[in-house]
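Dear colleague,

Please find below the structure that I am handing over to you.

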Amino acid sequence: TCCSRILSCPSMIETKRLLFRSWRESDAEELFRLASDPDVGPRAGWPPHKSVEESLEIINTVFNSDHVWALVLKETSQLIGCMGYYDHNESNIGIAEGEAEVGYWIGKPFWNQGYCTEALREMIEYCFNSKGFLKLWADHFVDNPASGKVMGKCGFRDTGDINWLSELYKGDERPVKIMRLDYSSDSQDNQALAKLKLLQDD
C-alpha cells in the first residue's frame, strides 16, 4: 500500500544496537510522536511537528534522500531518531567540495543511553571510509551543549567559529558553534577502538 512505500534505498548501516534504514511513509505516526516534543526539534534547528500529516510531508521531502536515515533499534525495529550527512551543495555552513556536514537527532525517550554517540561514530566511519570525504563538519546551538559533548566524544573539535544561521528554527536568536573533524589514519584507528569498547561494554 501507499502507507508502506519505501522512499529510497540507501546502503544499510548498522551498529551493535542500531540500524540505519531508509525512511518509510509508514513511519509518519511514530515520527510525529517523537518530533512533536518541543524539547527535540528546536535543539536541532527545526520547529516541533504539528500533525502526522506534517511528519509525512517531511518524510516525503526532507528525508527523501539517499543520505538521510531513520535510526531504529535492532531488537525491536522501533524508530528512535534520524542521522544523515549533507555535501557542500546542501550544507548550511559553507563547506568545500569533498567535505560533508553531519546532522542528527534522537527522540527524548532515548536520550542518555549512548545511542547518539554510537550512531555518530558509525556515520563518521561511513563518511570517511565508504564515501571518501576528507573533512567532516557539524554544528550545535550554544544552548545545546549536550550535542557538542557527543561531537567531542566522536573526535570533533571546536573551530572557535560562532555562526548565526537564519535558515534554522530560531537561528536568528541563537548562535551555533562550528565543529570539525579531519580524516586521518589515526582518527580511524580511534574510531575502531571506540567501537571495540562499545562491544566490550555489553
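With which side chain does the side chain of Asn60 make a polar contact? The partner is the side chain of Glu25, at 3.5 Å. Please bear in mind that this is a predicted model. Asn60 belongs to helix H3, which covers residues 52–60. Asn60 counts as partly exposed because its relative accessibility is 26%, and the partly exposed class lies between under 20% for buried and over 50% for exposed.

Eight strands form an open sheet with mixed pairing, in the order S1-S2-S3-S4-S5-S6-S8-S7. At its edges are strand S1 (13–14) and strand S7 (157–163), each of which pairs on one side only. S1 runs antiparallel to strand S2 (residues 18–21), and two bridges join them. Within this pair, Ile13 has Phe20 of S2 opposite it.

Two helices pack on this sheet. One of them, H4, touches S1, S2, strand S3 (68–73), strand S4 (79–86), strand S5 (99–106), strand S6 (135–141) and strand S8 (176–182). The direction of H4 makes about 30° with that of S4. The other, helix H5 (residues 145–153), touches S5, S6, S7 and S8, and its direction makes about 160° with that of S6.

Helix H4 deserves a separate paragraph. It comprises 16 residues, 115–130, and spans 21 Å from its first C-alpha to its last, close to the 22 Å expected at 1.5 Å a residue. Of its 16 residues, 13 are buried, so H4 is largely enclosed by the rest of the structure. Just after H4, Gly132 adopts a positive phi of about 80°.

With kind regards

Notes:
Residues are numbered from 1 along each chain as its sequence is written. This is a predicted model: local features need pLDDT of at least 70, side-chain atom pairs count only at pLDDT 80 or more; totals for chains, interfaces and linings use all residues. Side-chain values use heavy atoms; hydrogens and water are left out. Helices (H or I, at least four residues) and strands (E, at least two) are DSSP runs, numbered from the N terminus. Buried means under 20% relative accessible area, exposed over 50%, partly exposed in between (1.4 Å probe, protein chains only). A polar contact is a pair of N or O atoms within 3.5 Å; within protein, one must be able to donate a hydrogen and the other to accept it, and residues adjacent in sequence count only if both atoms are side-chain atoms. The expected span of a helix is 1.5 Å times one less than its number of residues. Two strands pair if DSSP finds at least two bridges between them. Contact means heavy atoms within 4.5 Å. Axes are lines fitted to C-alpha atoms, for helices over the stretch in contact, and angles run from 0 to 180 degrees between N-to-C directions.
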